Amino acid sequence: MRRAKIIITVILGVILIWGISTYNGLVKKQEAMTKAWGQVENVYQRRADLVPNLVALVKNYAEYEQSTILAVTEARARASSASVNTEDFDPIAFASYESAQKELGNSLNRLIVSIENYPDLKASDNYLSLQAQLAGCENRILTERERFNETAKDYNQAIRRFPHNLIAKMFGFEKRPYFEADAGAEKAPGTF
């Protein structure tokens, strides 16, 4: 009888240690994902901070349709006000956030295209510097989104694997969304 109690105690101890270790591992993966999300927000903020400088510079050089500058300014405001709660990563809020960021990127592209009509502006060192910084931001955004997707994948796999999924369900760890490519991104420009 005493031997059975010792065996049961040892088995329960092993299960408890495994449960604690699994829970702590899931928390670590969740925190890594939250950190990666913070970097995504950081590079999006850097881009948003550069937009007023670009708009001001373009206004000083060019007298062109106000609607382009207005569209960039409004898109920046929407992108800056959009947010995602890192505690639950609601898919709808995530999609809304990403939509606002895409809108800002698209409006910046329209602004850059419209600048082609202003050779003096394109030759300006300030403009070239801002353009290089924005290009660098876009590259960092892609990199940080990729890193976020990797940490989200690692986390999502961990919470779905047996027997970790038992601990994940017990403590409310939920699957997180990924950044996805835009519709039609699989086609090279000019192809159908």
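This is a predicted model: local features need pLDDT of at least 70, side-chain atom pairs count only at pLDDT 80 or more; totals for chains, interfaces and linings use all residues.
Thr22 sits in helix 1, which spans residues 2–61. Leaving aside residues up to four places away in sequence, Thr22 touches His164 and Ile167.

The protein has 6 helices and 0 strands, and reading along the sequence gives the pattern α-α-α-α-α-α. Among contacts in the protein with a separation of 6 or more, 78% are between residues 24 or more positions apart. Of the 192 residues, 34% count as buried. The protein exposes about 12200 Å², with carbon and sulfur atoms supplying 56% of that area.

The structure holds 11 aromatic pairs. One of them joins Trp37 and Phe94, whose rings are 5.5 Å apart centre to centre with 40° between the planes, a tilted arrangement. This pair links distant parts of the chain, as Trp37 belongs to helix 1 and Phe94 to helix 3 (residues 91–115), 57 residues apart. Both partners are buried: Trp37 has a relative accessible area of 0%, and Phe94 has a relative accessibility of 5%.

Trp37 also pairs with Tyr97, again in a tilted arrangement, with 5.2 Å centre to centre and 55° between the planes. Here too the pair links distant parts of the chain, with Trp37 in helix 1 and Tyr97 in helix 3, 60 residues apart. Tyr97 has a relative accessibility of 4% and therefore counts as buried. Both angles fall into the tilted class because planes under 30 degrees apart would count as stacked and those over 60 as edge-to-face.

These two pairs belong to a wider group. Trp37, Phe94 and Tyr97 form one aromatic cluster together with Tyr44, Phe148 and Phe179.

Technical notes
Residues are numbered from 1 along each chain as its sequence is written. Side-chain values use heavy atoms; hydrogens and water are left out. Helices (H or I, at least four residues) and strands (E, at least two) are DSSP runs, numbered from the N terminus. Contact means heavy atoms within 4.5 Å. Rings of Phe, Tyr and Trp (its six-membered ring) pair if their centres lie within 6.5 Å; planes under 30 degrees apart count as stacked, over 60 as edge-to-face and the rest as tilted. Buried means under 20% relative accessible area, exposed over 50%, partly exposed in between (1.4 Å probe, protein chains only). Accessible areas come from the Shrake-Rupley method with a 1.4 Å probe; for residues, only the protein chains shown count as cover.
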